[in-house]
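User: Hello! I am new to this structure and would like to get to know it step by step. Could you walk me through it?

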Amino acid sequence: MTGLRRARLQRRPLGLLALLLFLISVPAWAPNRFWINVASQALIFAIFAMSLDLLLGYGGMPSFGHAAFFAAGAYACALWALHRSPDLLPLLLVGLAAGAGLALIGALALRARGIFFLMLTLAFAQMVWSVLSNNQLAGTLGGDIGLIGVPRPVLPYVPAVNLFQAANFYFLTLVVAVAVYLALAAIVASPFGRTLEGIRENEGRMQSLGTFTFRYRLAAFVIAGALAGLAGMLSASFNFSATPASAFWTTSGLAMIAVIVGGSRSLLGPAVGAMLVVVLQLGLSSLPTPGLAEHWQLLLGAVFVAFVLFLPGGLHGLVRGRAA
Amino acid sequence: MLNGLAFGGLIFLLAAGLSVIFGLMDVLNLAHGSFYMLGAYVGLTVLSLTNNFWLALIAAPIALAIIGASVEVVLFRRIYQRGHLMQVLLTFGLTLVIVDLIRWRFGPQTHSLPTPPGLDGAVHILGVPFASYKLFVIVFATVVAAALVIVWRRSRVGAILRAGVADREMLGLLGIDLSRVFTATFAFGAALAGLAGVVVGPYLSVYPGMDESILVLVLVVVVVGGLGSIEGAILGSLLVGLANAIGPLVLGGFEAASIFAVMAVVLLVRPRGLLGLRQ
Amino acid sequence: MNISTASVTVRFGAVAALQDVSLEIPSGERRALIGPNGAGKTTLFDVITGARRPTSGRILLAGADVTPLSTWRRARLGLARTFQRSALFPTLTTAENLALAVRARMQTGWRIWPSRMERTVAMEVSSRLRAAGLAALAQRRAWTLAHGEQRALEIELALASQPRLLLLDEPMAGLSGEERQAAVARLRSLPPHVTLVLVEHDLDVVFAVAQRISVLDHGVLIADGTPAEIRADHRVQEVYLGRAD
């Protein structure tokens with residue numbers, strides 16, 4: 001055989017298992033609740049970054065507006081939990097649907113490629129941000145404060161397991177993150193994922209081979225939007241709030257940093273990159289030394305610039321020994 | 001209306017630099033907002049030392065030209081081959097670094113530059129009082145715009161730049177040293193941003209984060225006006241400035257959303273912008 | 001599949017890249033398209049495949065007007081092409097390059113779950129790798145292949161769509177004598193009903209392969225006939241053969 005189906009799962013089971021065990025063990029050795037919460041946020045951001053990797057790494061679509069779908073999931077779930085019910089399962093669906101739904105609108109940007117796609121997605125996300133932060137709509141969307149007092153979700157069948165507990169919520173995010181990773185790993189290894197990569201490499205050639213490429217780009221855009229919405233849902237539940245800042249372009253930029261630092265086109269790389277970004281951000285701000293504490297952006301920016309200049313393959317590239 | 005013009009003038013100072021940098025070098029410089037912020041803080045420093053606004057207005061662009069040139073030489077030159085995305089991300093990394101450096105040095109609080117003496121009064125236009133500083137901003141931006149258009153259209157330097165925007169390879173064929181043109185363009189764009197930073201001081205507030213809020217608006221102007229077109233930047237700035245001033249009355253708070261909607265429509269219908277040069 | 005172009009004109013601003021080009025190529029014919037550089041040969045291919053819209057004129061595939069159809073729809077009608085500069089999927093492996101073409105033909109690229117079709121795809125890919133002489137390079141990334149190997153893959157990608165009409169844009173350019181023979185043999189193995197249109201500068205190949213030859217100069221079709229007729233045509237000798245000597 002020609003070795004076409006090298007499923008990514010089979011290629012590095014040990015590293016994956018180690019990472020999974022490490023993540024499962026976090027609540028056991030984390031010094032206090034604060035660090036469990038940092039870990040939860042790290043996983044939420046990892047889901048977001050993995051969804052962006054599908055677009056950016058595999059699809060070659062540099063979306064600078066991915067935060068819009070994250071915010072869509074966050075707001076939709078905040079509204080749902082506030083006005084309907086905090087049951088977990090419908091909330092997960094609402095998050096997915098909100099991200100996917102907004103992505104269907106944002107898909108107008110798919111008409112463009114490259115830098116123009118980047119700017120269109122940026123404009124689209126800023127449009128979403130300006131609607132969310134609009135104080136004229138404060139009655140429904142909370143204006144520039146956002147929606148606050150969002151309840152934590154309630155687990156089906158076992159409502160006694162309290163998601164207000166940091167460790168319990170952490171395990172919820174871990175389960176979702178693992179599910180998202182498995183789903184994306186299956187997608188990128190499937191014929192669909194391969195075709196998406198072919199489109200990234202040479203869209204014109206895919207078309208002259210008879211592929212209606214728009215359909216694939218749209219599907220990738222919507223899947224990525226849905227998973228970003230799922231991350232947004234977790235974020236709204238975790239923070240008890242949904243804020244317009246989550247749709248701002250700097251949020252999209254941070255996710256891009258996570259993907260590039262981790263190494264695009266590897267799913268795990270962006271996930272690890274995202275965790276590093278969050279741990280750096282929250283970890284530094286928790287330090288008692290005032291000097292470093294406030295300057296996570298400086299450190300992050302400098303690390304990032306160094307990665308762009310010297311390690312374009314990201315951490316993943318470093319590990320796999322193909323930094324160039 | 002005049003408020004809109006003043007804001008439009010300010011936006012223009014930023015958009016002109018961003019547009020020419022993009023048009024010529026294909027670099028979408030997200031750090032342009034940071035240059036603007038740096039300009040404001042250089043102005044702040046000079047003002048606090050000398051108490052002379054005009055000195056600040058000269059010092060900031062010079063400082064920023066030096067910073068811009070160094071950034072181009074030290075960072076960008078390495079990654080021109082690496083494609084748009086890496087360049088954009090590099091500039092995004094720079095914005096994070098710069099905003100934090102500013103916060104470190106000057107603190108997170110909001111500053112404001114004192115209005116220069118002589119411009120702190122108000123002028124009555126058709127019976128309506130109007131801050132004379134805003135009038136100054138309008139006049140200043142108009143003069144800069146006129147000067148830029150003249151240089152752009154009539155001088156040898158302008159011809160070289162326009163040729164470069166239309167077809168970068170042609171510059172090489174003409175025997176012009178591309179890397180020097182790039183450095184100079186980057187420095188000049190940064191200087192304009194620095195100028196805008198000082199001009200804005202007495203009018204809007206100066207704080208870490210002022211870069212983020214204005215950058216996207218400037219981007220809209222550049223895209224709507226046409227990448228690499230000075231006239232496009234003027235047109236776009238006027239549109240955005242006026243939309244910002246009139247919008248709240250007409251659109252009831254949705255002016256920001258509508259500005260981005262306009263950008264999206266322009267990108268979809270005319271990707272080169274209203275007055276874009278590139279074929 | 002037969003192809004015809006009806007008064008196709010393409011203008012870039014004031015310049016006409018193609019002017020009133022009407023071609024008629026019956027099913028199964030081996031046709032060569034020659035002419036000096038810049039004569040409009042590649043532009044004609046672009047118009048036939050749908051990569052470029054004609055300013056005026058129509059394209060007919062198997063008698064049906066396909067002028068408004070997009071590239072991928074025309075490809076599904078059985079139209080395939082190779083590119084003058086290899087258009088591969090550079091960071092994917094040789095095998096994956098071919099698999100993309102096979103899946104595109106079978107229209108199974110849409111599937112998210114691995115299916116039994118993938119086994120069929122893999123089998124076809126390995127037989128094509130062998131036929132193209134690329135079996136040893138299956139796991140190499142396309143951009144690391146040598147020029148001749150890239151050209152072989154370029155042709156095999158087009159063949160993997162099992163076309164009924166195949167447009168070849170200078171497939172032999174830069175190939176060594178041996179590689180040329182292999183490529184010619186691979187093309188000879190095509191079933192006789194496949195229509196072949198070949199743009200080629202090597203006149204030996206042209207006269208050996210083509211049943212008829214069309215000559216373009218400055219976007220105008222100046223001659224159309226059997227190899228013997230083309231050899232005898234004064235105008236062709238002037239604009240093309242004269243220069244080639």
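User: How many helices and strands does chain A have?
Analyst: Happy to start there; this is a predicted model, where local features need pLDDT of at least 70, side-chain atom pairs count only at pLDDT 80 or more, and totals for chains, interfaces and linings use all residues. Residues are numbered from 1 along each chain as its sequence is written, and chains are lettered from A and ligands numbered from 1 in the order in which they are written. Helices (H or I, at least four residues) and strands (E, at least two) are DSSP runs numbered from the N terminus. Counted that way, the secondary structure of chain A comes to 16 helices and two strands.

User: What radius of gyration does chain A have, and what would a compact globule have?
Analyst: The radius is taken over C-alpha atoms, and the globule rule is 2.2 Å times the number of residues to the power 0.38. With 324 residues, that rule gives a value near 20 Å, so chain A agrees with a compact globule at 19 Å.

User: What percentage of the residues of chain A count as buried?
Analyst: A residue is buried if 20 or more other C-beta atoms, placed from the backbone, lie within 10 Å of its own. Of the 324 residues of chain A, that applies to 57%.

User: At what angle do α9(A) and α11(A) pack?
Analyst: These are residues 191–201 and 213–239 of chain A, with axes 10 Å apart. Axes are lines fitted to C-alpha atoms over the stretch in contact, and angles run from 0 to 180 degrees between N-to-C directions. The pair counts as roughly perpendicular (65 to 115 degrees), because the angle is about 110°.

User: Which residues of α9(A) make the contact with α11(A)?
Analyst: Two residues are in contact if their C-beta atoms, placed from the backbone, lie within 7 Å. On the α11(A) side these are Thr213(A), Tyr216(A), Arg217(A) and Ala220(A). On the α9(A) side they are Thr195(A), Leu196(A) and Ile199(A).

User: Which helix gives the largest share of the side of chain A that touches chain B?
Analyst: That contact takes 36 residues from chain A and 38 residues from chain B. The elements giving two or more residues on the chain A side are α6 (114–132), α12 (249–262) and α15 (296–310). The largest share, 12 residues, comes from α6(A).

User: And which helix gives the largest share of the side of chain A that touches chain C?
Analyst: Here 25 residues of chain A meet 37 residues of chain C. At least two residues each come from α8 (166–189), α9 and α10 (203–208) of chain A. The largest share, seven residues, belongs to α9(A).

Definitions and conventions
A residue is buried if 20 or more other C-beta atoms lie within 10 Å of its own, exposed if 12 or fewer, and partly exposed in between; C-beta atoms are placed from the backbone. Angles under 35 degrees count as roughly parallel, over 145 as roughly antiparallel, 65 to 115 as roughly perpendicular and the rest as oblique.
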